[in-house]
Amino acid sequence: MDDSDVHPLLACYLERREELVRYFRVRLRSEEAAQDLVQDIYLKITPPPAAPVDNPAAYLYRLGTNLMLDRIKVQRRAGQRDAQWRGAGGPSATDWEAADEPRADDALAARQRLAQIVAVVNGLPPAVQEAFRLHKLEGLNHAETAAAMGVSRSSVEKYIMTSLKRILAKVGR
């Protein structure tokens, strides 16, 4: 495979990989976290988007920044949840640590609810399903979803609103 066979976004990633690691190492204050994040960038761009990317380097940095912010939010929420749980009269950390698994009845209810949501999504028009999958499951923002689908951003916003309204109507909160 020669250089002409490589998608421009992947070529940019390969060319700037070490630069991306350095950039995110400073922000995350961790070599391991930066390496993981840059690997996640690669996973997000493989296979490359069908629509051409005007500025591959900017796209990679924006994608990495979004992934980094998502990780920070998840970690912050987990810390807050654990602190609230311990502060709400739960056992102290010395008694036992928080269980990693939900109670059986909660897990069953979550599986049933997920099945309902999947059924609603499967009943949506194909374009709405695709927008929902790209945005909610693959984590693309509206602009990236629009580019991947070859539609306008406002179309993606309408598709997402349609899917959320239908899920809310059929399944509830």
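Alanine 127 is partly exposed, because its relative accessible area of 30% falls between the 20% and 50% cut-offs. In this predicted model, alanine 127 belongs to helix H5. Leaving aside residues up to four places away in sequence, alanine 127 touches Met149 and Tyr159. Valine 151 lies 24 residues from alanine 127 along the chain, and their C-alpha atoms are separated by 9.8 Å.

**The H5–H6 pair**

Two packed helices are described by the angle between their axes and the distance between the axes. Helix H5 covers residues 126-137, and helix H6 covers residues 142-149. The two pack at an angle of about 135°, and their axes are 9 Å apart. That angle makes H5 oblique to H6. The crossing of H5 past H6 is right-handed. H5 brings Ala127, Glu130, Ala131, Leu134 and His135 to the contact. H6 answers with His142, Thr145, Ala148 and Met149. By type, the residues of this contact are five nonpolar, three polar and one charged.

**The whole chain**

The protein has seven helices and zero strands. Read from the N terminus, the elements run α-α-α-α-α-α-α. Of the 173 residues in the protein, 24% are buried. The protein exposes about 11700 Å², with carbon and sulfur atoms supplying 54% of that area. Among contacts with a separation of 6 or more, 57% join residues 24 or more positions apart.

**Residues compared by accessibility**

| Residue | Relative accessible area | Class |
|---|---|---|
| Threonine 65 | 17% | buried |
| Alanine 127 | 30% | partly exposed |
| Serine 163 | 0% | buried |
| Arginine 29 | 77% | exposed |

Threonine 65 sits in helix H3, which spans residues 56-87. Its relative accessibility is 17%, so threonine 65 counts as buried. Threonine 65 touches Tyr23 and Phe24, with residues up to four places away in sequence not counted.

Serine 163 is part of helix H7, residues 153-171. Serine 163 has a relative accessible area of 0% and is therefore buried. With residues up to four places away in sequence set aside, serine 163 touches Leu124, Val128 and Phe132.

**Loop residues and backbone**

Most residues other than glycine have a negative phi, and most peptide bonds are trans. Two sites here depart from those patterns.

The loop between helix H1 (8-28) and H2 holds arginine 29. Phi of arginine 29 is near 55°, a positive value in a residue other than glycine. Arginine 29 is also exposed, because its relative accessible area is 77%.

The peptide bond between threonine 46 and proline 47 is cis, with omega about -5°. Proline 47 lies in the loop between H2 and H3.

Valine 53 also lies in the loop between helix H2 (31-44) and H3. Valine 53 touches Leu9 and Tyr59, not counting residues up to four places away in sequence. Glutamate 144 is 91 residues from valine 53 in sequence, yet the two are 9.8 Å apart in space, C-alpha to C-alpha.

Note on methods:
Residues are numbered from 1 along each chain as its sequence is written. This is a predicted model: local features need pLDDT of at least 70, side-chain atom pairs count only at pLDDT 80 or more; totals for chains, interfaces and linings use all residues. Side-chain values use heavy atoms; hydrogens and water are left out. Axes are lines fitted to C-alpha atoms, for helices over the stretch in contact, and angles run from 0 to 180 degrees between N-to-C directions. Helices (H or I, at least four residues) and strands (E, at least two) are DSSP runs, numbered from the N terminus. Angles under 35 degrees count as roughly parallel, over 145 as roughly antiparallel, 65 to 115 as roughly perpendicular and the rest as oblique. A crossing is left-handed if the near helix is turned anticlockwise from the far one by less than a right angle, and right-handed if clockwise. Contact means heavy atoms within 4.5 Å. Ala, Val, Leu, Ile, Met, Phe, Trp, Tyr, Cys and Pro count as nonpolar, Asp, Glu, Lys and Arg as charged, and the others, Gly among them, as polar. Buried means under 20% relative accessible area, exposed over 50%, partly exposed in between (1.4 Å probe, protein chains only). Accessible areas come from the Shrake-Rupley method with a 1.4 Å probe; for residues, only the protein chains shown count as cover.
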